[in-house]
Amino acid sequence: MQPKAEKVEKTPVKGKSQKVYSSYLFKRINYDFVGKRKIAFIVSLVTAVVGLGSVIIKGGFDLGIDFKGGALVEVRFEKPVQIDQIRETLQTVGLGDSIIQQFGSDRDILIRVEQSASGENVGSKVVEGLKNKLGDNPFEVRRIESVGPQVGGELTRQAQLALLFAIAGMVLYLGWRFDYESVTSIAVITGIALLTIALSSLEWMYIPLLTSVALVAVLVVCIILDLRFAFAAIIALIHDVIVTIGMFSITNREVTLPVVAAILTLIGYSVNDTIVVFDRIRENLRLYYRSKPFEEIVNMSINQTLSRTILTAFTVFIVTLILYLRGGEVINGFAFAMLVGVVTGTYSSIFVASPILVVWQNISKKKSYSPKH
């Protein structure tokens with residue numbers, strides 16, 4: 001009697017499509033994502049540099065009236081009106097530099113006016129000017145929002161603190177999530193986060209600089225203590241935020257409070273997507289770290305989670321696309337940030353975070369990496 005042949009497990013081969021690992025949607029796909037990491041790193045680096053370069057060249061972001069102070073007036077005319085007519089009208093009342101936008105239809109006009117030095121109510125001044133010069137075309141004032149310069153400054157600081165606290169919370173979570181058995185690493189990362197939050201209470205502290213320094217400190221700690229998963233997830237988070245805000249500068253879009261809310265949402269989305277892939281990598285490491293190369297395990301894990309990653313991103317993308325196209329001017333910036341963030345977050349979980357683990361492993365002296373828990 002012939003001995004029963006041992007069942008051979010099919011394994012993926014770099015660069016070839018074989019039988020799959022993955023769930024139903026991409027069950028025939030076994031793409032070599034990790035093998036394209038050099039191209040992905042170049043794309044990410046160029047995108048980030050172009051975005052930051054745009055911010056530096058323009059001297060910062062184009063802040064909305066939420067942060068600068070001023071007024072936003074939305075009106076709907078009975079008959080179509082040209083932007084040139086509105087601008088000529090505003091020039092007669094000394095507000096010719098206002099930002100005028102047509103949206104929805106040629107009857108809907110959005111006017112943004114910066115706060116005047118005298119502190120007068122510029123929103124009412126706009127409405128009065130329109131009534132006096134365009135009396136033959138009645139209009140409805142749909143909203144007037146005014147923000148004083150002091151309130152704008154306070155909102156700016158509060159928005160910066162919100163971003164700082166969100167990033168600090170995510171860094172703490174990542175440190176615990178991927179290395180909760182190491183008391184030293186958790187203690188150090190917690191100490192950095194608490195010190196950063198304490199320093200942020202100082203009035204003279206420049207919050208963006210404090211956030212940058214704290215992130216660099218955490219990354220250095222991750223390198224020293226071999227917290228490779230936390231390191232890769234934080235790099236992906238930074239990547240997503242930089243690319244998103246860079247797109248706002250490149251496309252000359254205003255940064256408003258809804259945009260800050262979108263970036264806070266993006267931080268959570270980006271980390272969640274990365275954690276799903278990392279959890280599968282750690283599961284597969286427990287099973288195969290003695291029998292398969294690290295790069296192959298990472299590639300296998302990305303393919304296994306591809307259905308979940310793409311389906312989640314696609315559904316969120318569809319919703320935000322509808323918001324962007326039909327949601328109106330008020331949430332247009334929020335929807336745009338979410339659109340960019342969803343695409344960037346999905347991309348970074350596949351092409352940035354996971355390949356960083358491979359790069360780390362390749363330069364490490366260890367031949368194989370076993371999960372700590």
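**A predicted chain of helices and strands**

Of the 373 residues in the chain, 47% count as buried, a word used here for a relative accessible area under 20%, with exposed meaning over 50% and partly exposed in between (1.4 Å probe, protein chains only). This is a predicted model, in which local features need pLDDT of at least 70, side-chain atom pairs count only at pLDDT 80 or more, and totals for chains, interfaces and linings use all residues. Residues are numbered from 1 along each chain as its sequence is written, and side-chain values use heavy atoms, with hydrogens and water left out.

The mean pLDDT of the chain, where pLDDT is the predictor's confidence in each residue from 0 to 100, is 82, and 86% of the residues reach 70 or more. Over residues 1–22, however, the pLDDT is below 50, although in the model this stretch has 35 contacts beyond near neighbours in sequence, a contact meaning heavy atoms within 4.5 Å.

The chain has 12 helices and 6 strands, which are DSSP runs numbered from the N terminus (helices: H or I, at least four residues; strands: E, at least two). Among contacts between residues at least 6 apart in sequence, 75% join residues at least 24 apart.

Leaving aside neighbours within four places in sequence, Ile281 is in contact with Phe229, Ile297, Val298, Ser301, Ser354 and Leu357.

Helix α12 is mostly covered, with 26 of its 32 residues buried. From its first C-alpha to its last, α12 reaches 44 Å, close to the 46 Å expected at 1.5 Å a residue, the expected span being 1.5 Å times one less than the number of residues. A kink of about 45° in α12 is centred on Ser348, where the bend is the angle between axes fitted to the seven residues ending there and the seven starting there.

Ser212, finally, is found in helix α7, and counts as partly exposed because its relative accessibility is 40%. Ser212 and Leu164 are 48 residues apart in sequence and 9.4 Å apart in space, C-alpha to C-alpha.
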